[in-house]
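I opened a new page for this structure. These are my notes on what I looked up.

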Amino acid sequence: MKSAMQYKNDLGKPWRYNEDEFEVIRTSMWSPPGCHPVGCGLKLYVKDGVLDHVEGDENHPVTKGRLCPRCLALKDYVYNPSRIIYPMQRDPADRGKADKWQRCSWEDAFALIKEKRDYLAATYGPECMAVLSGTGRSGGIMVSDMAQAVLGTPNACYTQSGYACYQPRSAACSHVLGAYYPEIDYAGGLEETYDNPEFVVPEVIVVWGKEPLPSNGDGLWGHAVIDMMKRGAKLISVDPRVNWLSCRSTVQCRLRPGTDTALAMAWLWVIINEELYDKEFVDKWCYGFEEFAARINDPEKGMTPNKAAEICDIPVDVIYEAARLYAKAKPASIAWGLALDQNQNGNQAGHCLLALMSITGNVDIPGGQIIAEIDPAPGVAIDAKSQAAALADLKKAAFSADVKSDNVSKDLLDDSLTTTRMEVNLDKADAASDKSTAEDAARPTRRIGWDALSDELKQKTIGMKEYPMYVNNIRNAHADRMFDAVTTGDPYPIRMAWIQSTNLLAPTCSAESDKWYQGLLKCEFNFATDLFMTPSVQGLCDLFLPLSTCAEKNDVSMTHYFGSPVTIGAINKAIDVGETKSDAQIMIELGAYLQSKALEGMFIDAEDFLNQRRANVAKMSWAKLAQKVNFQRGVNYRKYETGRLRPDRLPGFLTPTGRIELWSTAFAANGEDPLPYYSEPAFSPYSSPELAKKYPFILTTGARTYAFFHSEHRQIPILRELNPDAMIEIHPADAAELGIASGQWVEIANDFGKAKFKAKLSPIVKRGVVQAQHGWWFPEQDGNAPNLYGVFQSNCNTMIANHYNSKLGYGAPYKCNICSVVPLKESYDTNMSVVDSKFGKLVI
Amino acid sequence: MTKGILINYEFCTGCHSCEVACKKELGLDFGEFGIKLEQVGPYKYQTGDLSEKWEWTYLPVLTKACTMCEDRVKTGKMPACVQHCQAWCMYFGDVEDLARKIDGSSRCALMTGAVTS
């Protein structure tokens with residue numbers, strides 16, 4: 001049955017139009033509210049300056065009018081009675097006291113930050129400050145700019161142990177593949193998408209350690225998988241847990257959590273030894289295949305299907321069937337997910353999946369894995385030199401005149417400016433030509449401040465000594481070493497933290513979140529940029545700077561963080577709420593207030609930032625992108641043949657050998673094994689049998705729900721009612737043995753921590769495995785310390801220890817840990833009436 | 001002509017978009033629904049041809065509160081649930097037309113409310 005739009009729609013409507021009593025603003029969402037950068041199309045219906053309701057925008061090339069519950073509830077987020085919309089401050093002596101906040105002005109707030117920053121930087125050195133960030137939010141990708149350009153400290157940090165989200169895969173992309181993030185091809189960058197003659201529907205899609213439907217992970221619009229299933233794509237599922245997609249898969253590989261590398265190596269064993277690989281592609285474009293094949297066949301470090309079947313706890317036939325089905329399908333793609341990052345073996349898992357995509361010849365072909373090219377918008381040709389010159393002249397004029405005056409004509413800028421360079425990606429690649437990586441080439445956004453740091457300060461980045469590849473790649477302090485600095489003062493104490501767009505005490509990212517809390521309490525000054533009074537801000541901060549939602553700001557939705565050639569969208573401002581500001585506004589205004597040298601003369605205002613660092617990727621001004629709303633980047637396939645993957649325009653991949661490095665020169669140069677190997681999770685019945693007697697269950701965390709994005713949305717009643725309580729899934733047979741009834745509360749524990757969850761008895765988890773939800777806090781509970789909205793009641797991250805990373809500092813066991821499970825007599829059920837009475841009445 | 005909503009529920013992923021879109025459209029309180037997602041499974045069959053196969057089926061059910069989005073439909077729009085369905089497995093129209101779409105290639109359910117026009 002073919003699906004089609006069949007009623008009147010708003011196709012072809014301009015970016016703003018009137019409908020009845022409403023002004024309708026078309027926009028492309030990212031965050032806040034937190035989400036991955038998908039850029040879903042929305043129509044915001046505004047009446048008298050108030051957001052009345054939202055609908056999906058049929059004009060969006062990928063989402064085509066469809067929308068998930070979180071955006072459908074946007075109004076309830078924007079006007080939520082608990083949202084903070086004015087700056088507020090509180091005496092550091094009163095941290096954790098919910099009623100001690102006082103409203104202040106932005107001027108007061110900036111002055112306070114300047115006073116603390118100037119004093120601390122002069123007294124202890126700027127490295128004593130840290131900017132801590134979360135994932136998904138638009139501020140997350142700006143953490144390095146905020147630390148290094150605004151405050152002048154090298155210590156930007158995403159606080160998840162081992163940066164166990166995206167980066168283990170990302171590092172493998174940069175160093176093994178030499179191209180950026182091979183996403184499944186869902187025709188997002190092609191006109192007419194699936195109907196474009198260049199596109200081929202994949203014969204098989206492997207969904208590996210990912211739940212794309214609720215997560216939209218990394219910017220992939222998850223329901224694109226459904227679109228392709230309807231067009232004939234078959235599925236292979238690799239996931240310990242059964243999910244909706246796996247029920248519709250031709251083959252299910254329900255492996256033991258944390259054993260992905262073993263399974264991938266076994267697939268490679270089948271494909272190599274049965275000669276199912278693409279010999280021509282391997283000969284031409286892969287480096288080190290002989291050594292790689294020898295490793296896979298190595299009696300000790302290699303992996304036969306029989307050995308993997310034992311390690312992964314799946315039938316050996318399933319391994320053969322899955323590997324053959326994948327290798328024989330032309331084309332085939334792998335949607336690879338977070339689970340690959342969330343163990344110590346994540347770099348190797350990523351390496352193996354890239355090897356699978358490569359040796360089967362599926363890299364950069366229609367319906368296979370698409371990768372980003374040096375030219376971010378290959379369909380758009382412009383005269384780069386004259387554009388750059390025009391921009392330079394205009395900017396000179398702007399900075400010498402009053403920037404607010406009409407003389408600096410925005411129209412003039414809009415007309416002349418398209419981009420500072422035709423190939424913005426060269427910006428970064430050129431800046432460090434001998435060290436340039438594919439990630440830099442694909443993501444032209446992240447080094448404003450890093451280049452302005454002195455070498456001395458760069459060397460002081462926390463973790464630089466132990467994990468130079470991690471720190472230099474991401475321009476972030478190493479998360480686990482930052483944990484040491486915050487909790488023990490090693491290598492030096494952190495005295496001030498900017499907690500931006502992260503609720504790190506809630507079980508979102510930080511491991512041993514209770515210890516992060518105690519450590520950060522020692523700081524002399526902490527401030528936050530956020531939208532709600534989270535337990536992290538309530539417990540730790542002295543100043544709250546309120547952020548705008550997508551409805552209140554101009555911004556760009558950087559689909560897949562610009563790392564995949566699909567869409568770029570305009571986030572168009574529709575309304576004003578309180579005195580909120582966007583991340584970019586705060587960066588530029590606070591940077592100017594602090595007299596940041598790195599930002600001096602760089603951006604006139606937030607729109608200029610969007611021109612130079614965001615809309616430029618679409619080779620147009622922000623104003624033009626705003627009117628276009630959505631832009632498809634255009635896709636070239638087999639770019640390794642045409643020099644479109646390298647700044648020097650030579651054919652091949654952006655690695656030292658110019659080929660996909662199945663034998664990784666970068667891993668070897670950094671003291672890691674250049675070839676993949678399996679390592680058992682640090683905590684498992686096999687690696688720690690004594691501990692496992694005490695903690696007999698394998699604990700996995702972090703499954704996605706449709707209702708929430710990580711720790712967000714708990715105060716939106718219409719979403720909370722979809723999932724009122726913190727749930728844990730346990731197999732009915734295990735529950736029966738322990739005397740746990742459906743809906744009964746349990747306590748899980750290990751040597752590091754404990755947490756309470758409501759049991760959901762379900763056969764979708766394997767016996768001996770429990771799956772705990774993450775992100776929980778309870779905004780309806782008492783906010784005062786020590787309760788802090790119940791943030792430590794169901795906090796599974798207190799049970800994850802820091803420092804269980806790969807040799808290179810990546811990955812951590814969030815999805816392969818151990819615990820005990822004990823039934824509780826008490827109930828902690830959420831009373832939805834309380835949630836509704838506190839948060840249901842919107843403030844407009 | 002009686003209007004109905006056809007659900008090609010083979011592809012219903014259980015994303016709740018129909019539920020939330022409807023609640024926003026009708027302004028329903030928490031605990032109240034105009035369309036409500038129901039599910040069968042997940043369980044694994046032990047018997048017959050389906051042995052070892054998984055069942056996990058979602059089907060949104062229209063409640064008494066469903067108006068078939070009469071006001072939206074008058075302006076030419078689709079009902080809110082149909083508009084936002086992420087899996088694009090819902091169709092709105094005259095029941096006779098919808099019935100003709102059911103061709104046996106997929107699992108379908110045709111639902112009506114009490115609204116006719």
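How many bridges pair β1(A) with strand β2 of chain A, and in which sense? I found four bridges between β1(A) and β2 (residues 22-28), and the sense is antiparallel.

**Ground rules.** I am reading a predicted model, where local features need pLDDT of at least 70, side-chain atom pairs count only at pLDDT 80 or more, and totals for chains, interfaces and linings use all residues. Residues are numbered from 1 along each chain as its sequence is written, chains are lettered from A and ligands numbered from 1 in the order in which they are written, and side-chain values use heavy atoms, with hydrogens and water left out.

**Entry: the sheet.** I looked up the sheet around that pair. It is an open sheet of four strands in chain A, ordered β1-β2-β3-β4, with antiparallel pairing. β1 (16-19) and β4 (50-56) of chain A stand at the edges with a single partner strand each, so one side of each has no neighbour in the sheet. On average, neighbouring strands here are turned by 30 degrees against each other, direction ignored. (Such angles run from 0 to 180 degrees between N-to-C directions, and the axes are lines fitted to C-alpha atoms, for helices over the stretch in contact.) I noted that strands are DSSP runs of E with at least two residues, helices are runs of H or I with at least four, and both are numbered from the N terminus. Two strands pair if DSSP finds at least two bridges between them.

I then checked single bridges. R16(A) has I25(A) as its bridge partner in β2(A). Y45(A) has H53(A) as its partner in β4(A). Six bridges join β3 (residues 41-47) of chain A to β4(A), and the two run antiparallel. β3(A) and β4(A) form a hairpin with two residues between them. In that turn, D48(A) has a positive phi of about 50 degrees.

**Entry: helix α4.** I asked how much of α4 (residues 143-151) of chain A is covered. Nine of its nine residues are buried (buried is under 20% relative accessible area, exposed over 50%, partly exposed in between, with a 1.4 Å probe and protein chains only). The cover includes α3 (106-124), β7 (129-133), β8 and α24 (583-593) of chain A. Just after α4(A), G152(A) takes a positive phi of about 85 degrees.

**Entry: Y158(A).** I found Y158(A) in strand β8 (residues 156-158) of chain A. Is it buried or exposed? Y158(A) counts as buried because its relative accessibility is 5%. Its contacts (heavy atoms within 4.5 Å) include S133(A), C165(A) and N476(A). N476(A) is 318 residues away along the chain, yet the two C-alpha atoms are separated by 7.3 Å. The side chain of Y158(A) also makes a polar contact with that of Q160(A), at 2.9 Å. (A polar contact is a pair of N or O atoms within 3.5 Å; within protein, one must be able to donate a hydrogen and the other to accept it, and residues adjacent in sequence count only if both atoms are side-chain atoms.)

**Entry: K210(A).** K210(A) lies in the loop between β10 (204-208) and α6 (212-215) of chain A. K210(A) is buried, at 6% relative accessible area. Its side chain reaches the backbone oxygen of W336(A) at 3.3 Å. Among the residues that K210(A) touches are Y181(A), D218(A) and D239(A).

Terms used: Lists of a residue's contacts leave out its neighbours within four places in sequence.
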